[in-house]
Amino acid sequence: MLDGPELTRLSAPVDIGEHPLEVLTGINRPTRWPELSAGRVAAALDVARDWSDHVVVDIGAPLETDEEIVSDIGAPRRNQAALAALTAADTILAVAAADPVGIARIVRGLARLDEVAPAAERRVVVNRMRQAPFGIDATQQVRRALDQYAPGEETWFLPDDQRAADDALRRAAPILSRRRAGFSHALGALAATL
């Protein structure tokens with residue numbers, strides 16, 4: 001029953017200037033995750049592609065399926081909404097935390113993406129990049145690690161800008177690219193490639 005008018009009714013407009021966004025939030029209770037079967041998510045994404053020029057899906061779930069914990073073969077699988085969205089993706093931004101644990105996780109995640117969405121164009125985004133967790137020349141250290149363990153990945157670095165993030169959170173608004181902060185400029189440069 002999902003169609004363009006229903007997506008418009010359910011979405012919340014976000015004014016960011018020249019290109020406003022329509023935002024659809026996720027489910028409001030974890031007990032509802034079984035409603036998001038892979039087939040339903042794929043169908044909703046098909047409708048969204050007809051409704052909008054660009055569809056962005058924010059996925060925070062792990063990429064494993066954990067099928068061994070499911071006893072009923074027809075039951076919904078864990079993380080299937082995230083996996084269905086990734087399978088349907090044209091472009092994936094794989095976001096890594098800018099610390100040694102985050103880099104190790106992204107390397108494992110990229111290997112899983114090779115299985116889930118092998119045809120999707122992708123970029124690795126190292127978020128909140130700063131020197132402290134790595135020491136001298138942090139960006140080059142991260143770049144060398146990714147080149148060694150995930151060669152060929154296009155990598156973008158977004159600097160840590162706690163003040164801008166706190167301000168955006170306080171205002172419940174996006175970090176706007178017209179700010180002079182390094183984060184906004186780096187994010188604008190990344191967005192221009194999409």
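Tutor: This is a predicted model. Arg 128 has a relative accessible area of 41%, so Arg 128 is partly exposed.

Student: Where does Arg 128 lie?

Tutor: Arg 128 belongs to strand β4, which covers residues 121–129. Its phi is positive, at about 60 degrees, although Arg 128 is not a glycine.

Student: What phi does Asp 137 have, and is Asp 137 in a strand or a loop?

Tutor: The phi of Asp 137 is positive, about 55 degrees, and this residue is not a glycine either. Asp 137 is found in the loop between β4 and α5 (138–149). With a relative accessible area of 40%, Asp 137 is partly exposed.

Student: Turning to helix packing, at what angle do α3 and α4 pack?

Tutor: Helix α3 (residues 80–88) packs against helix α4 (residues 100–116) at an angle of about 70 degrees, and their axes are 10 Å apart. Angles of 65 to 115 degrees count as roughly perpendicular, so α3 is roughly perpendicular to α4. Their crossing is right-handed.

Student: Which residues make the contact?

Tutor: From α3 come Leu 83, Leu 86 and Thr 87, while α4 contributes Arg 112, Leu 113 and Val 116.

Student: How many residues of each class does the contact of α3 with α4 have?

Tutor: The contact has four nonpolar residues, one polar residue and one charged residue.

Note on methods
Residues are numbered from 1 along each chain as its sequence is written. This is a predicted model: local features need pLDDT of at least 70, side-chain atom pairs count only at pLDDT 80 or more; totals for chains, interfaces and linings use all residues. Side-chain values use heavy atoms; hydrogens and water are left out. Helices (H or I, at least four residues) and strands (E, at least two) are DSSP runs, numbered from the N terminus. Buried means under 20% relative accessible area, exposed over 50%, partly exposed in between (1.4 Å probe, protein chains only). Axes are lines fitted to C-alpha atoms, for helices over the stretch in contact, and angles run from 0 to 180 degrees between N-to-C directions. Angles under 35 degrees count as roughly parallel, over 145 as roughly antiparallel, 65 to 115 as roughly perpendicular and the rest as oblique. A crossing is left-handed if the near helix is turned anticlockwise from the far one by less than a right angle, and right-handed if clockwise. Contact means heavy atoms within 4.5 Å. Ala, Val, Leu, Ile, Met, Phe, Trp, Tyr, Cys and Pro count as nonpolar, Asp, Glu, Lys and Arg as charged, and the others, Gly among them, as polar.
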